[in-house]
Amino acid sequence: MVMSTTLKVGPEERVRIRVRVNGVWYERDVEPRKLLVHFLREDLGFTSVHVGCDTGHCGACTVIMNGVSVKSCQVLAVQADGAEILTLEGLAKDGKLHPIQEAFWEKHALQCGYCTPGMIMETYFLLKENPEPSEEEIRRGLAGNLCRCTGYQNIVDAVKLASQKLKELKMTL
Amino acid sequence: MYPPKFGYVRVSSLEEAVNILNSDENAKVLAGGQSLMPLLKLRLIKPSYLVDINRVPNLSYINIERDRIRIGALARHHQFEINKELWSIYPAIPETAMQIGDPQVRNLGTMAGSLAHADPAADWPATLIAFRASITALGPSGERVIPIDDFFTGPFSTALGKGEVIKEIVISRVEGNVKSAYVKLERKAGDFAVVGVAVMLKLGGDGSIEDASIGITAAGPKPFRAREAEKALIGRKPTSDVIEDAAEKAMRESNPISDIRGSSDYKRYMVKVITKRAINKALSR
């Protein structure tokens, strides 16, 4: 029987983790209990990752971790050790908005904007899995992201437009 | 909200997890974490250590074999949702997955974790009862198989003993013309079930029901098999009277509590409505 514990950290200890965020590796010491959302915001300064409800319902803290969308307030930073993370900050390239961001802009898919980074990251995952979703698939795909301003209609329109833009640009996510 | 302080162990095998859990009763397994993390943040639990099994290799499988389906402890809800072969043979399984939580939760949450957590309103138990699944647990004295009917012992409690973890879930395949469905009544997107009913029916050549299996969640202290309702279907043709009778029996077998999702009386009546819908949905496939 192989008995190689890869890592063990006590409650009062800190653990060194390496995480690649938007293409750059970061190394930090964290408490085991530190949440990924706090690591991204407070330790690394990626403040697009919002804390909304803090209970796992609202999706404002959504990021892409190893290719899938996760709620970063429901993941420990230490779990992301070695992971590849994409936040909203990683979407725009050379000062130009990502097609999904452009679509949200053009369709005015926000009012206060608090939910927007999470909406955009979940849209990224949705369109990566299903490049041409139906309206119902869009609504199901964004069911984990709450918006208290818009009534969702413009967000759904923006996802449709983003899908169209990505298709025209032949851009894969 | 910050979780309480705990230690963290990342293991590379389930045996290693078993050793730690067996020597420290306050240690808890971290799989998908989508139920565990809220419990930590609400400070409802204060584990000594979290035993992270996410890096254990070869546990994410859904193996569809000739006579059975084997599911590894780290298979995530989303994997079921997008499994085309499951949609064609046992649609109730991916249909259950797609109604759990929301996309982000389904990307991380695992079937085994949901079973071990044993929320009395969780979705998987109904479907795994309907498919007569069994659970392979790994413990200090090796492996043992627990039939799903014996697995849940009450709200948030299971037959898993000290140091035991779920290694695999096994569903035996049924030969012949099998139909299945899972219907969930929910108040809002992503919520736990008000009532959830999973149905598996095996139809004979003459259209009569040769075998029936019904699992119900959120309608009692633990998920249960509606045995009387099953008996009311077996050997009969599924006419509306027969379905009505079975649904009525399922309702009488249920024992839901009143809570924010509805009164006990309302939920009991919903057991009847949702059982009927689940049977009809399975038959329509």
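**Notes on the two-chain model**

1. Strand β1 (residues 7–9) of chain A is joined to β1(B) by three bridges, and the two run antiparallel. Within this pairing, Val9(A) has Tyr8(B) of β1(B) as its bridge partner. Strands here are DSSP runs (E, at least two residues), helices are runs of H or I of at least four residues, and both are numbered from the N terminus. Two strands count as paired if DSSP finds at least two bridges between them.

2. This is a predicted model, in which local features need pLDDT of at least 70 and side-chain atom pairs count only at pLDDT 80 or more, while totals for chains, interfaces and linings use all residues. Residues are numbered from 1 along each chain as its sequence is written, chains are lettered from A and ligands numbered from 1 in the order in which they are written, and side-chain values use heavy atoms, with hydrogens and water left out.

3. How many residues does each chain give to the contact? Chain B gives 40 residues and chain A gives 43, contact meaning heavy atoms within 4.5 Å. About 3400 Å² is buried between chain B and chain A, and carbon and sulfur atoms give 53% of that area. Buried area is the accessible area (1.4 Å probe) that two parts lose on being put together, summed over both.

4. Between chain B and chain A there are 19 residue pairs in polar contact, both residues being at pLDDT 80 or more. A polar contact is a pair of N or O atoms within 3.5 Å; within protein, one must be able to donate a hydrogen and the other to accept it, and residues adjacent in sequence count only if both atoms are side-chain atoms. On the side of chain B that touches chain A, the elements giving two or more residues are β1 (7–10), α1 (14–23), α2 (36–41), β3 (49–52) and α6 (103–108) of chain B. The largest share, five residues, comes from α6(B). By class, this side of chain B has 19 nonpolar, eleven polar and ten charged residues. Ala, Val, Leu, Ile, Met, Phe, Trp, Tyr, Cys and Pro count as nonpolar, Asp, Glu, Lys and Arg as charged, and the others, Gly among them, as polar.

5. The structure holds 40 salt bridges over all chains, and the count between chain B and chain A is four. The criterion is a side-chain nitrogen of Lys or Arg within 4 Å of a carboxyl oxygen of Asp or Glu. Arg10(B) forms a salt bridge with Asp81(A), with the closest N and O atoms 3.3 Å apart. Arg10(B) lies in strand β1 of chain B and Asp81(A) in the loop between β5 (68–71) and β6 (84–86) of chain A, so the pair joins two chains. Lys41(B) forms a salt bridge with Asp54(A), and here the closest N and O atoms are 3.1 Å apart.

6. In chain A, strand β2 (residues 15–21) pairs with β3(A) in the antiparallel sense over seven bridges. β2(A) and β3(A) form a hairpin with two residues between them, and Asn22(A) in the turn has a positive phi of about 50 degrees. The bridge partner of Val19(A) in β3(A) is Tyr26(A).

7. In chain B, β11-β12-β13-β14 is the order of an open sheet of four strands with antiparallel pairing. Its edge strands are β11 (177–185) and β14 (224–225) of chain B, each pairing on one side only.
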